[in-house]
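Here is a short report on one protein chain. Keep the sequence and the 3D view open while reading.

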Amino acid sequence: MFNLILKNTKSLRSYATEASTRRSPKVRTISKILIANRGEIACRVIRTARKLGVRTVAIYSDPDEHSLHTQYADEAYHVGEAASAKSYLRADRIINIAKQADCQAIHPGYGFLSESVEFAELCQREGVIFMGPPSSAIRDMGIKSTSKAIMSAAGVPIINGYHGDDQSNDRLQAEAEKIGFPLMIKAVRGGGGKGMRVADKADDFMTALNSARTESQKSFGDSSVLLERYVRSPRHVEVQVFADQYGEAVYLWERDCSVQRRHQKIIEEAPAPGLSDDLRRALGEAAVRAAKAVGYVGAGTVEFIMDKEDLSFHFMEMNTRLQVEHPISEMITGTDLVEWQIRIAAGEPLPLSQQQITRKGHAFEARIYAENPRGGFLPGAGPLHYLATPQPNELVRVETGVREGDEVSVHYDPMIAKLVVWGENRTQALNSLIARLREYHISGLDTNINFLIDLADHSEFRAGNVHTGFIDQHFDTLFPPVKINDTDLCKAAFIEIQIDDGSWYTVKAEHVEDGERLKIRTNINNNISTFNAYVAADEVTVFLESGKMQFELVQPKFLSTTIDQMGGGSGSKVIAPMPGVLEKVLVRPGDHVKKGDNLAVLIAMKMEHSLKAPKDAVVKSIGGIEGSNVAKGAAVITFEEDTNEK
């Protein structure tokens with residue numbers, strides 16, 4: 001099958017190359033665009049459009065009616081209910097809104113419909129410009145088996161595996177045994193870590209396969225998978241490419257996105273550390289070959305797996321859209337890639353040739369998420385009671401779609417913001433990132449800011465020794481026991497003017513004027529410091545050099561169960577470790593279960609989480625029906641009382 005695809009692709013790509021040289025696109029005026037997205041990326045597109053004098057139209061779901069992107073756009077239209085399938089994925093409604101608002105073009109952002117072949121084709125049929133590549137390129141690169149055949153024909157190195165049409169369990173099991181374990185299972189239409197599972201041994205394969213299929217079907221409407229040899233702890237290096245409608249393509253250097261959790265990026269940098277100029281050029285040229293092989297137009301990213309030892313690289317996938325981490329490429333090249341998207345969609349040629357694209361300095365992006373790193377990076381949701389960000393300038397960007405008082409919704413991705421910094425070199429940029437993270441203050445929900453500070457300041461990260469297994473390898477040093485010293489305790493206690501731990505301190509404190517923020521300067525036993533604080537009804541939050549520290553002002557809540565990465569359970573119940581939707585209930589009252597059995601599936605932030613039995617037990621009751629919303633800490637499964645434990 002692979003050889004057949006390969007043969008056909010060669011002739012198709014030859015035709016595409018000839019066709020690209022014959023194209024004479026008509027330059028069209030784009031004066032108004034609809035943004036088929038929400039949150040941070042919608043605000044990002046609006047900002048550039050406004051700079052160019054292009055009017056913008058936003059769409060919003062029920063919970064997004066008062067969100068930042070709807071306020072920022074020139075116009076906003078309701079698109080549907082909270083669930084993405086009933087709003088941001090409703091292509092028919094989005095097209096109708098675009099035509100109703102007299103938009104010439106639609107910018108898809110990233111996620112949602114940005115890599116939908118059907119949506120790109122619908123735009124073309126309806127005479128609306130899709131600000132992305134041709135539907136054929138999305139199709140070729142979106143189906144991983146096809147893309148790997150095309151890349152092989154184009155001379156781009158690939159990792160061997162099974163990319164066939166036979167998706168039966170028997171065939172996949174047999175192919176897995178041929179490839180060997182550990183093995184990577186990937187959704188053929190996947191992206192963003194969804195529909196991706198690792199099977200460490202043969203016994204794990206069917207469980208991992210079923211989980212990948214389920215998540216892939218929900219995310220992409222296709223449960224097909226491919227199998228590949230799993231390279232342990234490689235580097236993830238990707239190249240930003242851009243192509244116009246005249247057959248020209250360029251690369252804007254590479255980014256390193258190796259440090260990840262749950263196969264999703266959390267910190268990225270450009271350029272990648274430790275590569276020679278020759279290797280950077282080889283990566284860029286391979287990425288351009290990849291783009292030209294599919295007749296690409298617009299912004300795209302070619303992702304490579306790189307061996308961390310010998311630095312050999314292999315094609316992983318191409319994201320046929322603007323990436324979340326595109327700002328760091330902008331920072332080192334002095335470009336505005338959204339502006340490039342708008343101009344190229346209008347039929348203009350590339351603004352710069354390859355020789356004109358220079359690289360200067362170093363940039364980092366840290367993704368700030370509503371999640372609990374010490375609880376397995378489980379996503380969270382809730383209100384942003386307090387939000388203070390670093391001051392943006394030419395060297396610091398805060399890319400966000402939320403304000404103080406907004407709520408991070410359980411229905412969408414838990415990313416709050418992207419913090420982007422630039423420096424003359426990697427060390428300077430990294431020091432700036434750490435300093436700015438310490439100025440990023442959020443209270444009201446869990447975030448990963450403290451973790452990002454510890455990660456960025458880790459000695460091995462500072463040395464540039466990054467790879468996809470970085471967090472697992474350095475888990476103990478990234479998650480040391482939390483120790484609260486007396487001085488920090490005094491700072492928090494002072495906010496409520498109560499120190500009652502039996503010790504005496506010489507404390508001087510004063511309120512420092514800082515607008516509406518609560519800023520305090522303290523002198524505790526001759527140790528002077530200035531810090532921000534936030535007081536809520538039941539907690540005090542102080543933002544110190546070491547990060548955010550939060551203190552409860554009331555007795556601990558009744559819930560004292562321990563939550564693990566896959567679901568929380570005490571002796572008597574299994575609780576929801578995060579708010580979400582109860583997707584599946586796999587047991588019934590009266591069922592006997594064994595420790596580790598899957599009991600239910602929770603969907604939160606578009607990710608699937610299995611809830612497991614903490615012990616052998618008998619199910620007493622179910623705390624909800626399939627499809628119902630579940631609050632964090634709610635009992636999902638309750639067990640019969642075990643008289644042996646009395």
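## A nonpolar surface patch

A patch here is built from residues with over 30% relative accessible area and no salt bridge, and nonpolar side chains are joined within 5 Å. The model is predicted. Val-482, Ile-484 and Leu-489 form such a nonpolar patch on the surface.

Ile-484 sits in the loop between helix H17 (475-478) and helix H18 (486-495). Its relative accessibility is 46%, so Ile-484 counts as partly exposed. The cut-off matters here, because exposed means over 50% and buried means under 20%.

## Salt bridges

The structure holds 47 salt bridges. One of them joins Glu-228 and Lys-148, with 2.6 Å from N to O. Glu-228 lies in strand E9 and Lys-148 in helix H7 (residues 144-153), so this pair ties together parts that are 80 residues apart in sequence. Are the two partners buried or exposed? Glu-228 is buried at 3% relative accessibility. Lys-148 is also buried, with a relative accessible area of 0%.

Asp-92 pairs with Arg-90 in another salt bridge, and their closest N and O atoms are 2.8 Å apart. Asp-92 is partly exposed at 37% relative accessibility. Arg-90 is partly exposed too, at 24%.

## A charged network

Which residues are linked in a network of salt bridges? The members are Arg-44, Arg-47, Lys-51, Glu-330, Asp-336, Glu-339, Arg-343, Glu-348, Arg-397 and Glu-399.

Within this list, take Glu-348 and Arg-343. They form a salt bridge with their closest N and O atoms 3.6 Å apart. Glu-348 has a relative accessible area of 27%, which makes it partly exposed. Arg-343 is likewise partly exposed, at 29%.

## Helix packing

Two packed helices are described by the angle between their axes and the distance between the axes. Two pairs are described below.

Helix H13 (residues 426-438) packs with helix H14 (residues 449-456) at an angle of about 160°. Their axes are 10 Å apart. That angle makes H13 roughly antiparallel to H14, because angles over 145 degrees fall in that class. The crossing of H13 past H14 is left-handed.

The axes of H8 and H9 come within 11 Å and cross at roughly 120°. That makes H8 oblique to H9. H8 passes H9 in a right-handed crossing.

Helix H8 spans 169-179, and the loop between H8 and strand E7 (183-191) holds Pro-182. The peptide bond from Phe-181 to Pro-182 is cis, with omega near 5°.

Helix H9 spans 205-220, and the loop between H9 and strand E9 (225-229) holds Ser-223. Ser-223 is partly exposed, with a relative accessible area of 30%. Where does the fold bring Ser-223 relative to Ala-187? The two are 36 residues apart in sequence, with their C-alpha atoms 6.8 Å apart in space.

## Backbone exceptions

Most residues other than glycine have a negative phi, and most peptide bonds are trans. Some sites here depart from that pattern. A cis peptide bond joins Ala-270 and Pro-271, and its omega is about -5°. Pro-271 lies in the loop between strand E14 (267-270) and helix H10 (277-293).

Trp-253 is not a glycine, yet it has a positive phi of about 70°. This residue lies in strand E11 (residues 249-256). Trp-253 is buried, with a relative accessible area of 13%. Arg-262 also has a positive phi, about 55°, although it is not a glycine. Arg-262 lies in the loop between strand E12 (260-261) and strand E13 (264-265). At 24% relative accessibility, Arg-262 is partly exposed.

Definitions and conventions: Residues are numbered from 1 along each chain as its sequence is written. Side-chain values use heavy atoms; hydrogens and water are left out. Patches are made of residues with over 30% relative accessible area and no salt bridge: like charges are joined within 9 Å, nonpolar side chains (Val, Leu, Ile, Met, Phe, Trp, Tyr) within 5 Å. Accessible areas come from the Shrake-Rupley method with a 1.4 Å probe; for residues, only the protein chains shown count as cover. A salt bridge is a side-chain nitrogen of Lys or Arg within 4 Å of a carboxyl oxygen of Asp or Glu. Helices (H or I, at least four residues) and strands (E, at least two) are DSSP runs, numbered from the N terminus. Buried means under 20% relative accessible area, exposed over 50%, partly exposed in between (1.4 Å probe, protein chains only). Axes are lines fitted to C-alpha atoms, for helices over the stretch in contact, and angles run from 0 to 180 degrees between N-to-C directions. Angles under 35 degrees count as roughly parallel, over 145 as roughly antiparallel, 65 to 115 as roughly perpendicular and the rest as oblique. A crossing is left-handed if the near helix is turned anticlockwise from the far one by less than a right angle, and right-handed if clockwise.
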